[in-house]
Amino acid sequence: MKRDVIVVGAGPAGSAAACHLARAGLDVLLLEKTSFPREKVCGDGLTPRAVHELRLLGVDTSGWFPNKGVRLIGGGNRLELDWPDTPGLTRPRSDLDELIARQAAASGATLQENTKVTAPLQERGRVTGVRTDVGAHHARLVVAADGASSRLSVALGLRPSRNRPIGIAGRRYFRSPRHDDPYLEIWLDLAPAAYGWIFGMGDGTCNVGVALLRTDHPDYRGLLSRWLADLPEAWGLTEPNATGPLRGAALPMGFSRRPHYLPGLLLTGDSGGMVNPSTGEGIAYALEAGRLAAETITTALSSPFPERTLQSYPSALQRANGAPFTLGRAFTRAIDDPRIMRLATRHGLAHPTLMRLALKSFGALPASSTPTPTDRLAAALTKLTPAS
């Protein structure tokens, strides 16, 4: 049986792509190597950008714990920045991914769990399907949404670029009285090119973790341990209050694996390095990339010149996030220098307008529905930045 599209990986990017494709009337097979529910290392914070994409998918977010913005702490300063229009949310990845995958299935995609993709199928240099541990599956197109390691991409010779940042994050859940904090709290000066977070989940626990955005030998365990030891004991972020082990995962950032299209194959989400280098945010970009991949495929399969349309997919990604990712890569290189990190935290956080401009330029803070002068300046800066 030949499908229209096979999507490899039922994380946010893959499930979003499958959902949009199925709604367009295409025959979609969504393959997941594990079974739901499953763990994924993440901060669990959903920005308004991510919430917007979830609502486009029709995911019911009522009752999810809201957050009203970000709280930045560093250099002796503390700054709270509210989301301009709509709140963000928090949701554990242990059930977020399943909710999106089930939404794809409800929209008409065939979800097949516990199916490991072992290799791509090719004919005359074009991907025509995948081989799995239970047999071969053929399709007109394949979407690689199989995560940072992306074995499907590696099998086709696509490896992360050495000049693009690939960080690492570690997170753990704790029972804490801060579980209902309305802000996503981010600590900026733990180490050069590193930050920590405390995100209240609204269920009695906090998601607490660290991310090292640019380092060759990331010791996230040691960094997290040292940071937590300095925090107030009353917050409960101690070993007796931990509800599970510390888990780590790679952060493939700034379009670290390219090209995003090979004949018959589109890369999306972590497989294509679609994590913002300046913030470590990945869910919003994964959901958005899944939608862009689906839109490209839907248009291509109804076009007399499908290949020309498919080849436009990388350009669509660049238009969406190329400039903020370029700025983010420059930022992570700069804050490798402790002096620049101190300058950014001690002086930057003391000037809210400057921080809003920086965060909007990096794609970390959404623009207002009614653009402000800061929004317009950030947009102008983004337009001047090469999307490479």
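This is a predicted model: local features need pLDDT of at least 70, side-chain atom pairs count only at pLDDT 80 or more; totals for chains, interfaces and linings use all residues.
**Notes on a cavity and a domain interface**

1. On the cavity itself, the count is 1 cavity of 30 Å³ or more. The volume of the largest cavity is about 50 Å³.

2. For anyone who would like to select the lining in a viewer, the residues around the largest cavity are F255, M274, Y285, E288, A289, L292, L317, A320, N321 and F325. Sorted by class, this lining holds 8 nonpolar residues, along with 1 polar and 1 charged.

3. Now to the domains. The assignment gives domain 1 as three segments (3-67 + 87-163 + 253-321), domain 2 as 166-251 and domain 3 as 326-384. Between domain 1 and domain 3, the C-alpha centres are 28 Å apart.

4. How many residues of domain 1 are in contact with domain 3? There are 8 from domain 1, and they meet 8 residues of domain 3.

5. The size of an interface is often given as the accessible area lost when the parts come together. Here, domain 1 and domain 3 bury about 650 Å² between them, and carbon and sulfur atoms account for 58% of that.

Conventions:
Residues are numbered from 1 along each chain as its sequence is written. Side-chain values use heavy atoms; hydrogens and water are left out. On a 1 Å grid over the protein atoms alone, a cavity is a set of points where a 1.4 Å probe fits but cannot get out, and a pocket is an open set with protein on both sides within 12 Å along at least five of seven lines; lining residues have an atom within 4 Å of a point. Grid points are joined across faces, edges and corners, and a volume is the space filled by probe spheres set on the points. Ala, Val, Leu, Ile, Met, Phe, Trp, Tyr, Cys and Pro count as nonpolar, Asp, Glu, Lys and Arg as charged, and the others, Gly among them, as polar. Domain bounds come from an automatic or database domain assignment. Contact means heavy atoms within 4.5 Å. Buried area is the accessible area (1.4 Å probe) that two parts lose on being put together, summed over both.
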